[in-house]
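Please read the following as a guided walk through one structure, taken helix by helix and contact by contact. The sequence and the coordinates should be kept in view throughout.

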Amino acid sequence: MTAVAAGILAAAALTLPESRPQGEPRPLDPPGVLAIVVGMTGVTAGLTSGRTDWTSPTTLVLLAGGVAALAAFAAIERTRREPMLDLGLFRRPLFVASVSGAAITGLATVGLMSYLATIVEGGLDRSPLAAAGVLAVWSVTSVLVAWQARRLPARIHARERLIAGLVASGCGAAALAGLSPGSSWLHLVPGLILAGVGSGLANAALGRLAVESVPHADAALGSGANNTARYLGAALGIALVSAIVAGGGSSSAGLVGGWNHAALVAAALNLAGATAVSASRALTLQSAK
């Protein structure tokens, strides 16, 4: 299968025309790249280290260093003539909605679902195959909804679709709480379907917002910022969920208890994200008057 896919891609590379950027290419921003890499690495490593001891010097140094590097990134981008990320874009409410929605999707939904198989195996004592099947309920639903989202009426703006997706994801995450070591995997199905509908709506909307939220010439920057926010959010989300679940202990009851707390945190984050995106809509309407 891999060889077939590689052959198709090779044939396409020989026959499809290559797109070219308009105007002068933007130069690299090595200080900015270094600062954000160090910052996100430090914060993620600190959250991971905190799973064992939140007060240890290693955890505190990693978190403090990561936050300092992210602050340095913002300062660097303000002084660069050609920054990797133009901070002026954050004065555009639609861009804020795009980036914050992507970050919350990664932080809350991807982070939570990345731990689901572990809970099904270790907390509910199911086989790896069963765990994969349970996770498929969410992932397949998400793909199908994103695929069919194009059929929604055009009058429903991508931002409203994102808000609906985040609310549905939050409600789905909340429905995933309340597990006990003896729970059936069927307890998870309603929440997984609802969360899948939410993430499908959100993912489809984010692709449109990424290019609509920036000037036409900066469409690639908008898409890159959106994807970066999503993946950085996911990295932090996985570390955060792991830390919350680990706080319950390594027993089946501890894992399930930790999962219940993590699901409620994910629900709150999704609903907070929906509120933030709604606020950006109000700001857009106010600025248009």
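**Helix 4 and its neighbours**

Helix 4 and helix 9 pass each other in a right-handed crossing. The model in which this crossing is found is a predicted one, and the geometry below should be read with that in mind. The axes of helix 4 and helix 9 come within 6 Å, with a crossing angle of roughly 30°. Since angles under 35 degrees count as roughly parallel, helix 4 is therefore roughly parallel to helix 9. On the side of helix 4, the contact is made by Phe95, Ser98, Val99, Ala102, Ala103, Thr105, Gly106, Leu107, Val110, Gly111 and Leu112, while helix 9 brings Ala225, Asn226, Ala229, Arg230, Gly233, Ala234, Leu236, Gly237, Ile238, Leu240 and Val241. Sorted by class, the residues of this contact between helix 4 and helix 9 comprise 14 nonpolar, seven polar and one charged.

One residue of this contact may be followed in detail. Alanine 229 belongs to helix 9, and with a relative accessible area of 10% alanine 229 is buried, because buried means under 20% relative accessible area. When neighbours within four places in sequence are left aside, alanine 229 is in contact with Val99, Ala102 and Ala103. Between alanine 229 and serine 100 there are 7.5 Å in space, C-alpha to C-alpha, although the two are 129 residues apart in sequence.

How do the axes of helix 4 and helix 7 cross, and within what distance do they come? The axes of helix 4, residues 93-113, and helix 7, residues 158-175, come within 11 Å and cross at roughly 20°, which means that helix 4 is roughly parallel to helix 7. The crossing of helix 4 and helix 7 is left-handed, whereas that of helix 4 and helix 9 is right-handed. Leu94, Ala97, Gly101, Ile104, Thr105, Thr109 and Leu112 of helix 4 meet Arg159, Leu162, Leu166, Ser169 and Ala173 of helix 7, and the residues of this contact divide into seven nonpolar, four polar and one charged.

Serine 169, which is found in helix 7, counts as buried at 3% relative accessibility. Apart from neighbours within four places in sequence, serine 169 is in contact with Thr109, Ala195, Gly198, Ser199 and Asn270.

Helix 8 is another partner of helix 4. The axes of helix 4 and helix 8 come within 10 Å and cross at roughly 150°, and since angles over 145 degrees count as roughly antiparallel, helix 4 and helix 8 are roughly antiparallel to each other. The crossing in which helix 4 passes helix 8 is left-handed. Here Leu94, Ser98, Gly101, Ala102, Thr105, Thr109 and Met113 in helix 4 meet Leu192, Ala195, Ser199, Ala202, Asn203, Leu206, Leu209, Ala210 and Glu212 in helix 8, and by class the contact of helix 4 with helix 8 has nine nonpolar, six polar and one charged residues.

Leucine 192, not counting residues up to four places away in sequence, touches Met113, Leu116, Val134, Val137, Trp138 and Leu176.

Valine 143 lies in helix 6, residues 128-148, and at 56% relative accessibility valine 143 counts as exposed. Valine 143 and glycine 200 are 6.0 Å apart in space, C-alpha to C-alpha, and 57 residues apart in sequence. Aspartate 125 has its place in the loop between helix 5 and helix 6, and at 67% relative accessibility aspartate 125 counts as exposed. The phi of aspartate 125 is near 60°, a positive value in a residue other than glycine.

Note on methods:
Residues numbered from 1 in each chain as written. Predicted model: local features only at pLDDT ≥ 70, side-chain atom pairs only at ≥ 80, totals over all residues. Heavy atoms only, no water. Axes fitted to C-alpha atoms, helices over the stretch in contact; angles between N-to-C directions. Helix = DSSP H or I, 4+ residues; strand = E, 2+ residues; numbered from the N terminus. Parallel < 35°, antiparallel > 145°, perpendicular 65-115°, else oblique. Left-handed = near helix turned anticlockwise from the far one by under 90°. Contact = heavy atoms within 4.5 Å. Nonpolar A, V, L, I, M, F, W, Y, C, P; charged D, E, K, R; others polar. Buried < 20%, exposed > 50% of the residue type's maximum accessible area, 1.4 Å probe, protein only.
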